[in-house]
Each structure stands twice: as structure tokens, then as C-alpha cells.
Amino acid sequence: MQKIFAIEARGQRVLTSAQIAECYGTTVDCIKQNFHANKTRFVEGKHYIALVGTELKDFKNKVRIPCLAESEIENEVRISHSAEVK
């Protein structure tokens with residue numbers, strides 16, 4: 001597993017779907033499927049941040065995660081999950 005680094009969206013530290021997938025040794029698609037299957041358990045703004053439209057495009061242009069395949073970069077921030085710091 002590669003080192004996880006801090007990314008911010010809307011003033012919060014977040015993990016991208018690609019980072020979560022790498023931590024769990026799975027794919028971004030698997031993370032997305034599990035998220036959608038359990039979406040009612042999550043609160044937007046607390047457990048995840050949904051970036052859409054211009055906000056998503058700007059975030060993708062700002063954030064580039066090294067060592068990811070092009071297909072993973074395309075999917076990396078469709079749903080960002082907040083990283084709670086305790």
C-alpha cells in the first residue's frame with residue numbers, strides 16, 4: 001500500500017474512492033457499489049462529500065494522485081469520503 005496523503009474538499013480532509021480502494025485492496029468500482037448499496041447509512045457532509053458538475057471538474061484538475069492508472073484517475077473522485085480526524 002502506498003502512503004496516503006491529505007486532500008481537502010470544502011475545507012475538510014477527504015479520502016478519494018481510489019484511496020479507500022487501495023487501503024482495502026479492492027477496486028474503485030467495488031467501493032462505489034458498496035457505497036450505493038448502503039447509501040442510507042451515510043450522511044452527506046459527515047461520511048462523504050458528493051462533488052458534481054464544475055466543483056467535481058475543478059477538484060479533479062486540482063488533485064492528481066501519483067502512481068494511478070489513467071482509468072483509476074478518471075474514477076477517483078466521483079464520491080469522496082470524509083476522513084474524520086479525531
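In what order do the elements of the protein chain run from the N terminus on?

## Overall layout

The elements run β-β-α-α-β-α-α-β, starting at the N terminus. That order comprises 4 helices and 4 strands. The structure is a predicted model, and everything below describes that prediction.

Of the 86 residues in the protein chain, 35% count as buried. The chain exposes about 5800 Å² of surface, and carbon and sulfur atoms supply 51% of that area.

## Confidence

The protein chain has a mean pLDDT of 79, with 72% of its residues at 70 or more. Helix α2, residues 28-37, has the highest mean pLDDT among the elements, at 96. Strand β4, residues 80-82, has the lowest, at 47.

Over residues 71-86, pLDDT stays under 50. For this stretch the model has 49 contacts beyond four places in sequence.

## The nonpolar cores

Which residues make up the largest nonpolar core? This core has 8 residues: Ile-7, Ala-9, Val-14, Ile-49, Leu-51, Leu-56, Phe-59 and Val-63. Strand β1 and helix α3 each supply at least two of the residues in this core.

Another core, of 5 residues, lies apart from the largest one. Its members include Ala-18, Ala-21, Val-28 and Ile-31. Val-28 is placed in helix α2. With a relative accessible area of 8%, Val-28 is buried, because the cut-off for buried is under 20%. In sequence, Val-28 is 11 residues from Ser-17, while the C-alpha atoms of the two are 5.9 Å apart in space.

## The two faces of helix α3

Helix α3 covers residues 53-62, and Leu-56, Phe-59 and Lys-60 are buried in it. Why can these buried residues be said to line one face of the helix? Viewed down the axis of α3, the buried residues fall within an arc of 100 degrees, so they line one face. An α-helix has 3.6 residues a turn, so residues three or four places apart point the same way.

The face of α3 turned away from the buried side carries exposed residues. These are Thr-54, Lys-57, Asn-61 and Lys-62. Two of the buried residues of the helix, Leu-56 and Phe-59, also belong to the largest nonpolar core.

## Salt bridges

How many salt bridges does a search of the whole structure find? The search finds 2. One of them joins Glu-55 and Arg-10, with the closest N and O atoms 2.8 Å apart. Glu-55 lies in helix α3 and Arg-10 in the loop between β1 and β2, so the pair ties together parts that are 45 residues apart in sequence. Glu-55 counts as partly exposed, at 33% relative accessibility. Arg-10 is also partly exposed, at 48%.

The side chains of Lys-32 and Asp-29 form a salt bridge too, at 3.8 Å from N to O. Both residues lie in helix α2, where they are 3 residues apart, or about one turn of the helix. Is Lys-32 buried or exposed? Lys-32 counts as buried, with 16% relative accessibility.

## Arg-10 in its loop

Arg-10 has a further feature in its backbone. Its phi angle is positive, at about 55 degrees, although Arg-10 is not a glycine. The loop that holds Arg-10 runs between β1, residues 7-9, and β2, residues 12-15.

## The segment before β1

Where in the chain is Ile-4 placed? Ile-4 is in the segment before β1. Ile-4 is partly exposed, with a relative accessible area of 36%.

Leaving aside neighbours within four places in sequence, Ile-4 is in contact with Leu-15, Gln-19 and Cys-23. Ile-4 can also be placed relative to Ile-20, which is 16 residues away along the chain. The C-alpha atoms of Ile-4 and Ile-20 are separated by 9.4 Å.

Technical notes. Residues numbered from 1 in each chain as written. Predicted model: local features only at pLDDT ≥ 70, side-chain atom pairs only at ≥ 80, totals over all residues. Heavy atoms only, no water. pLDDT = per-residue confidence, 0-100. Contact = heavy atoms within 4.5 Å. Buried < 20%, exposed > 50% of the residue type's maximum accessible area, 1.4 Å probe, protein only. Arc of directions from axis to C-beta. Areas by Shrake-Rupley, 256 points an atom, 1.4 Å probe, with all protein chains shown as cover. Core = buried A, V, L, I, M, F, W, Y, C linked by side-chain atoms within 4.5 Å. Salt bridge = Lys/Arg side-chain N within 4 Å of Asp/Glu carboxyl O.
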